[in-house]
Amino acid sequence: MRRSMEDGDMDAVVQKPQDNQRKRRPSRLLVWAIASTLLVLSLALGLGLGLSLKHHGAAPATTPRPRPPTPTAVWQPAVGASWQIVLSQVLDIDDNNPRVEPDAEVFDIDMFLHQNSTVIENLHKLGKKVICYFSAGSYEPDRPDAYKFQSSDLGADLKGWPGERWVNISSPSIREIIAARVETASQMGCDAIDPDNVDGYQNNNGLSLTSDDSVELIDFIVDRASERKIAVGLKNAPDIIPDVISLVQFAVNEQCAEYDVCGATRPFIKANKPVFHIEYPPDAPSVSKAQSDDACTSRGSSSFSTIMKTLTLDGWAQYCDDEVVAIFTECLSLDATKADPSKMFPGSSHGEAPFILLPLYIYPSPKAWEPLLSMIATSKSGFLVVVNPNNGPGRTPTPDNNYIAALTALSAAPNVKILGYVFCDYGNRPLADLEGDIRQYHTWTDRYCRSSTFPEQPKPLICHSTAIAIRIDGIFFDEAPFKSQHVELMAMIANFTRLTFQQGRSCAGSPPTVIYNPGVFAHPSHYESADYIVVFENEVGEWDSSYVEANLAKLPEDLRRRSVAIGHSAMCVEQQLKFVDKVVTAGLAGHFATAVPGYTEFCPNWQEYVRYADKAGKETLGA
């Protein structure tokens with residue numbers, strides 16, 4: 001039941017950390033500053049001394065390539081346009097009474113964090129333009145499309161960014177990912193894109209990237225974006241300005257004042273294109289007048305759209321007129337779900353209807369979970385839903401914005417329990433790794449279920465216009481060992497789970513549900529520590545095997561009521577529904593049946609299966 005990185009559905013890694021700060025990268029700055037200074041000197045002296053600009057080493061600069069004129073529908077921001085950039089938080093704009101502070105003309109926001117929101121629509125209603133940020137030159141393990149990256153395209157780590165790596169920007173596979181991101185920006189209604197990390201050639205990238213590679217990448221991005229009437233900005237990378245300035249509509253520059261190299265980006269102003277300029281004063285948000293003057297009056301920065309930010313790129317900002325804004329720094333008070341988790345699920349007592357155990361290994365892009373949400377709204381069955389961002393909770397402390405939105409909706413359903421996926425490798429996985437995953441799932445619940453009556457508790461990292469109440473109601477242990485020699489180990493893990501979930505204040509009012517999934521019949525002693533055990537996970541036709549028949553005969557009735565069967569690869573809907581009948585007749589507590597071989601998509605017969613399960617449950621109750 002475990003999902004591997006090759007399965008192609010991984011959220012991957014899914015989730016930009018909710019503290020996904022787009023900080024400056026000090027390791028690049030000195031090289032960037034030196035290169036930019038040389039560029040300024042070359043611009044000043046080149047003609048008189050017969051010098052030419054250099055891209056990389058001794059390679060001559062390429063001639064700017066001719067291209068068709070950019071479609072007139074592409075937005076061209078004005079020089080000096082006011083702006084705000086927020087990359088580590090979700091903008092909070094009331095749908096019914098949209099307003100925003102500061103009253104800037106342009107907002108640069110993280111694209112992936114806003115996929116499930118109406119922020120862009122609301123900003124447009126206010127007459128604002130929206131730039132959508134994503135990384136074009138690096139792999140980030142917490143983005144929803146991270147599973148698409150091939151290991152052969154990954155280079156060296158980005159210093160200071162755990163898990164993030166440079167990518168081969170010339171690879172056809174990487175180009176496909178970038179094109180898909182541009183398409184996402186188009187579907188979201190972004191007016192422009194801010195592709196980051198296009199300056200890998202200035203860093204120890206491990207891929208021998210050159211400035212020409214970056215020029216070709218920008219050319220590729222502009223081609224895809226202009227087809228969709230999306231403007232494109234150049235992030236830093238001053239060396240390639242002569243080659244791409246005719247292609248892009250603006251520049252986004254970090255820290256040129258700090259390193260006294262703003263003149264390198266001045267060609268944009270001369271071309272009547274804005275420079276959206278960021279400085280990170282060392283004492284921000286307590287910026288002295290001297291620091292403000294340094295940021296706003298640096299040589300060569302006249303007419304730049306300058307903003308001072310903290311390294312986290314959150315909602316705080318200070319402008320050169322000394323206006324200070326601190327939006328999104330106070331999150332809304334969040335109340336727990338109104339559903340009483342202790343009563344929300346029917347349990348497994350004799351005479352109660354079997355539940356549906358759903359392995360939900362589907363990334364919650366907008367509307368991806370609608371087949372589930374629509375059925376649980378009308379179904380009388382109980383649902384145990386297993387969420388699995390990345391063979392576990394993923395590498396980041398909290399789920400990404402898409403998961404937050406989808407889990408919030410799912411948590412509101414009174415007939416649902418949500419279980420976090422943890423794999424055991426049949427007893428071979430280190431105990432510390434198992435405990436780490438368990439703690440992380442509990443953190444999701446604890447972080448997003450704070451009540452305003454407990455002000456001493458930490459606030460959630462992400463601010464939303466609606467209350468968030470995420471429940472993780474227990475743990476689903478996949479690849480669980482099933483023999484007697486592992487009884488003590490699994491009992492210790494189950495006990496750790498229950499103790500962990502009892503700590504702190506969370507949405508879950510009842511003890512956590514613990515399920516083992518060995519996929520086969522387990523030693524009866526394992527039932528002493530588990531709430532349920534998955535005794536069958538196989539093709540539905542194998543339920544009729546002599547192995548199942550023999551082991552069912554030996555399983556006492558009380559343990560059957562704490563057992564679950566999962567069948568996949570049904571040849572037809574009739575076989576799928578007959579499997580449900582057989583499992584219910586055998587007296588098991590729960591089931592899942594699907595016609596597909598895995599759990600990364602909803603079965604074409606999903607609705608029919610749920611309705612049939614409801615009917616089977618009513619018959620069990622004698623309704």
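A salt bridge is taken here as a side-chain nitrogen of Lys or Arg within 4 Å of a carboxyl oxygen of Asp or Glu. The structure is a predicted model, in which local features need pLDDT of at least 70 and side-chain atom pairs count only at pLDDT 80 or more, whereas totals for chains, interfaces and linings use all residues. Residues are numbered from 1 along each chain as its sequence is written, and side-chain values use heavy atoms, with hydrogens and water left out.

Side chains of opposite charge can pair when their charged atoms come close. Under the criterion given above, the count comes to 16 salt bridges. One of these joins Asp-473 to Arg-471, with the closest N and O atoms 3.0 Å apart. Solvent exposure is classed by relative accessible area, buried meaning under 20%, exposed over 50% and partly exposed in between, with a 1.4 Å probe and protein chains only. On this scale Asp-473 is buried at 5% relative accessibility, and Arg-471 is likewise buried, with a relative accessible area of 0%.

A salt bridge also links the side chains of Arg-228 and Glu-227, at an N to O distance of 3.3 Å. Here Arg-228 is partly exposed, at 28% relative accessibility, while Glu-227 is exposed, with a relative accessible area of 54%. These two residues belong, together with Glu-183, to a network of salt bridges.

Secondary structure elements are DSSP runs numbered from the N terminus, helices being H or I runs of at least four residues and strands being E runs of at least two. In helix 10 (residues 431–447), Glu-435 and Arg-439 are 4 residues apart and therefore separated by about one helical turn; their side chains meet in a salt bridge with an N to O distance of 4.0 Å. Arg-439 is partly exposed, its relative accessibility being 43%.

Strands are regarded as paired if DSSP finds at least two bridges between them. An open sheet of 3 strands has the order 6-8-7, and its pairing is antiparallel. Strand 6 (138–139) and strand 7 (154–157) are the edge strands, each pairing on one side only. Between strand 6 and strand 8 (residues 165–167), which run antiparallel, there are 2 bridges, and the bridge partner of Ser-138 in strand 8 is Trp-166.

Elsewhere, Asn-253 is located in strand 11 (residues 250–254) and is buried, with a relative accessible area of 1%. A polar atom of the Asn-253 side chain lies 3.3 Å from the backbone nitrogen of Cys-256.

Conventions. A polar contact is a pair of N or O atoms within 3.5 Å; within protein, one must be able to donate a hydrogen and the other to accept it, and residues adjacent in sequence count only if both atoms are side-chain atoms.
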